[in-house]
Amino acid sequence: MMPSKSQLKKDKYFLQVEQWKKKYGLPQEQEKKIKWQDLTTIKADRICAKKGCDRTFNLHRHHKGHDYIFACILPDVYAPRYIQYHNDDCCYLCKQHHQAIHRYYAPVVDEFFKEIVGLTNKDLEYCCERYKARLTKMCENFIQVKVRNHVKSKRKSMGGRKHE
Ligand SMILES: [Zn+2]
Ligand SMILES: [Zn+2]
């Protein structure tokens with residue numbers, strides 16, 4: 001059976017992150033002690049960062065500045081920090097709000113890819129810094145905007161459990 005497009009994308013993502021970990025990660029011994037968390041799905045006792053969203057299941061760890069694209073473009077600069085999933089850089093979002101933030105980013109990401117054509121070294125890094133700050137700001141604004149009650153009503157209609 002052919003793997004789905006999203007599965008291929010996911011595989012590519014994990015492969016890329018594995019390569020970065022090999023190149024920029026901590027020595028094996030230290031790595032074992034830290035025990036890398038699962039990359040995308042968090043089962044711990046957490047809640048979606050989006051204001052008013054009470055989802056505690058299927059949470060994804062999200063880099064607020066969409067750091068992945070910058071790590072792809074300038075791995076020496078951004079990948080070592082990316083693979084550490086710093087608390088300051090990340091937040092937890094439910095699947096729906098994780099997809100929503102990436103849709104919200106999309107036009108800005110397009111703009112970024114147009115702007116970096118032909119740039120090298122310092123100019124490129126400067127451009128990455130500017131866009132990373134901009135995307136981080138977008139994420140911080142996005143999570144501050146309160147969701148309407150659809151989250152709860154949807155769960156009720158699906159016959160889900162009552163939440164305290
Ligand atoms: Zn994300
Ligand atoms: Zn959410």
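Analyst: Two residues touch, or are in contact, if their C-beta atoms, placed from the backbone, lie within 7 Å. This is a predicted model, in which local features need pLDDT of at least 70 and side-chain atom pairs count only at 80 or more, while totals for chains, interfaces and linings use all residues. Residues are numbered from 1 along each chain as its sequence is written, and chains are lettered from A and ligands numbered from 1 in the order in which they are written.

Let us take α6, residues 121–144. Some background comes before it. The protein has 7 helices and 3 strands (DSSP runs numbered from the N terminus: H or I of at least four residues for helices, E of at least two for strands). From the N terminus on, their order is α-α-β-β-α-α-β-α-α-α. Of the contacts with a separation of 6 or more, 76% join residues 24 or more positions apart.

Start at Asn-121, in α6. Its phi is positive, about 40 degrees, although Asn-121 is not a glycine. Most residues other than glycine have a negative phi.

Cys-90 is 46 residues from Thr-136 in sequence, yet their C-alpha atoms are 9.6 Å apart.

Now the partner helix. α5 and α6 pack at an angle of about 165 degrees, with axes 11 Å apart (axes are lines fitted to C-alpha atoms over the stretch in contact, and angles run from 0 to 180 degrees between N-to-C directions). The two helices are therefore roughly antiparallel, a label for angles over 145 degrees. On the α5 side, the contact uses Ile-101, Tyr-104, Tyr-105, Val-108, Phe-112 and Glu-115. They meet Cys-127, Tyr-131, Arg-134, Leu-135, Met-138, Cys-139 and Phe-142 in α6. These residues divide into 11 nonpolar, no polar and 2 charged (Asp, Glu, Lys and Arg count as charged; Ala, Val, Leu, Ile, Met, Phe, Trp, Tyr, Cys and Pro as nonpolar; the others as polar).

His-66 sits in the loop between β2 and α3. It touches Tyr-105, Val-109 and Leu-135, not counting residues up to four places away in sequence. His-66 and Tyr-105 are 39 residues apart in sequence, but 8.4 Å apart from C-alpha to C-alpha. His-66 is buried, because it has 22 other C-beta atoms within 10 Å.

Last, the core. The largest nonpolar core has 20 residues (such a core is a set of buried Ala, Val, Leu, Ile, Met, Phe, Trp, Tyr and Cys residues joined through C-beta atoms within 7 Å). The elements giving it two or more residues are α3, α4, β3, α5 and α6. Which element gives the largest share? It is α6, with 5 residues. Among the core residues with the most contacts inside it is Tyr-82. Tyr-82 touches Trp-20, His-63, Asp-67, Tyr-68 and Ala-71, leaving out residues up to four places away in sequence. Across the protein, buried residues make up 19% of the 164 residues.

Methods
Buried ≥ 20, exposed ≤ 12 C-beta atoms within 10 Å, placed from the backbone. Parallel < 35°, antiparallel > 145°, perpendicular 65-115°, else oblique.
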